[in-house]
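Here's a quick briefing on one helix and its surroundings. Have a look at the structure first, then read on.

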Amino acid sequence: ASLAYLKKFLKRKAKLNISFAQLDVKLCNEYREFLLTTTSIKSDKSKLSQNSASSYFNKFKVVLKQAFIEDILSIDLRAKIKSIKEEETKRAFVTLEELNKLIKTKCRYKDIKRAAIFSALTGLRFIDIKKLTWGQLEYINNQGYSIDFRQIKSKGIEFLPISQQAFQLLGERGNSKETVFKNLESASYHSRYLKEWITEAGITKKISFHNFRHTYATLQLFGKTDIYTVSKMMGHRNIKTTQIYAKVVDQTKRDAADTIKLDFD
């Protein structure tokens, strides 16, 4: 996606065949401004979100840094241009009560239901669940079950303890190289089944598959797991990422405190 927006920008500037040697601070800043004002490739009617713009520009800056390290660029352009600041967004999550409703509600696509609940119990992303093999699941005496895996997004090697309930969701064990969830396509492919299932459970929130990962972090903090442990369980490289969930918990507690109103007049 990042490359697609860069090509869109260069095409507009009639510079599709530009070389690294032709890059300068002015052009990099023009690309930055382009990302902040352009429409989404998926829909020309909607503006590209600031957080998406930030993500794409950061990837562009990573390339500039690597080009400088490899002497492809003679100057460190990355250091001369400002990043796009991310906006803080509210992380939607499913409450424990709603999660129990979903468990009792039928879903036309059984594997997406199992995968979503598994994400809420482990914090795993869709892509990591899809790639999960039986060989990555390990049982250690007196400790329980865990998953050894490399995160697809961050490439970090993780050791993730999982609950007995999470393991029971997986069904009969297959051979070590076999994927645990055999019938998963992509998060977008399953979105209609997910929406149908959530609606059937009487939940009106807009919930995507990734929100089940948010659910895991939020419920862990509600359960008084310390933020450092939650950060490690989520595979976050920076605890600031985890602090977003702590703010959600604080706001929810504040809203709950204001629900009881007495008439003193």
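What covers the buried residues of helix H4 includes H5, helix H8 (191-200) and helix H9 (210-222). Keep in mind that this is a predicted model. The notes below go through the two faces of H4, then how H4 sits against H5, and end with Lys104, which lies in H4.

- On the inside, H4 has Glu98, Leu99 and Leu102 as its buried residues.
- Those three span an arc of only 100° around the axis, so they end up on the same side of H4.

**H4 against H5**
- Helix H4 takes in residues 96-104 and helix H5 residues 110-122; their axes come within 11 Å and cross at roughly 155°.
- Angles over 145 degrees count as roughly antiparallel, and H4 and H5 are therefore roughly antiparallel to each other.
- As for handedness, H4 passes H5 in a left-handed crossing.
- From the H4 side, Leu99, Leu102 and Ile103 make the contact, meeting Lys113, Ile117 and Ala120 in H5.
- Sorted by class, that contact has 5 nonpolar residues, 1 charged residue and no polar ones.

**A closer look at Lys104**
- Lys104 belongs to helix H4, and its relative accessibility is 72%, which is why it counts as exposed.
- Ser163 is 59 residues away from Lys104 along the chain, and the C-alpha atoms of the two are separated by 20 Å.

Notes
Residues numbered from 1 in each chain as written. Predicted model: local features only at pLDDT ≥ 70, side-chain atom pairs only at ≥ 80, totals over all residues. Heavy atoms only, no water. Axes fitted to C-alpha atoms, helices over the stretch in contact; angles between N-to-C directions. Helix = DSSP H or I, 4+ residues; strand = E, 2+ residues; numbered from the N terminus. Parallel < 35°, antiparallel > 145°, perpendicular 65-115°, else oblique. Left-handed = near helix turned anticlockwise from the far one by under 90°. Contact = heavy atoms within 4.5 Å. Nonpolar A, V, L, I, M, F, W, Y, C, P; charged D, E, K, R; others polar. Buried < 20%, exposed > 50% of the residue type's maximum accessible area, 1.4 Å probe, protein only. Arc of directions from axis to C-beta.
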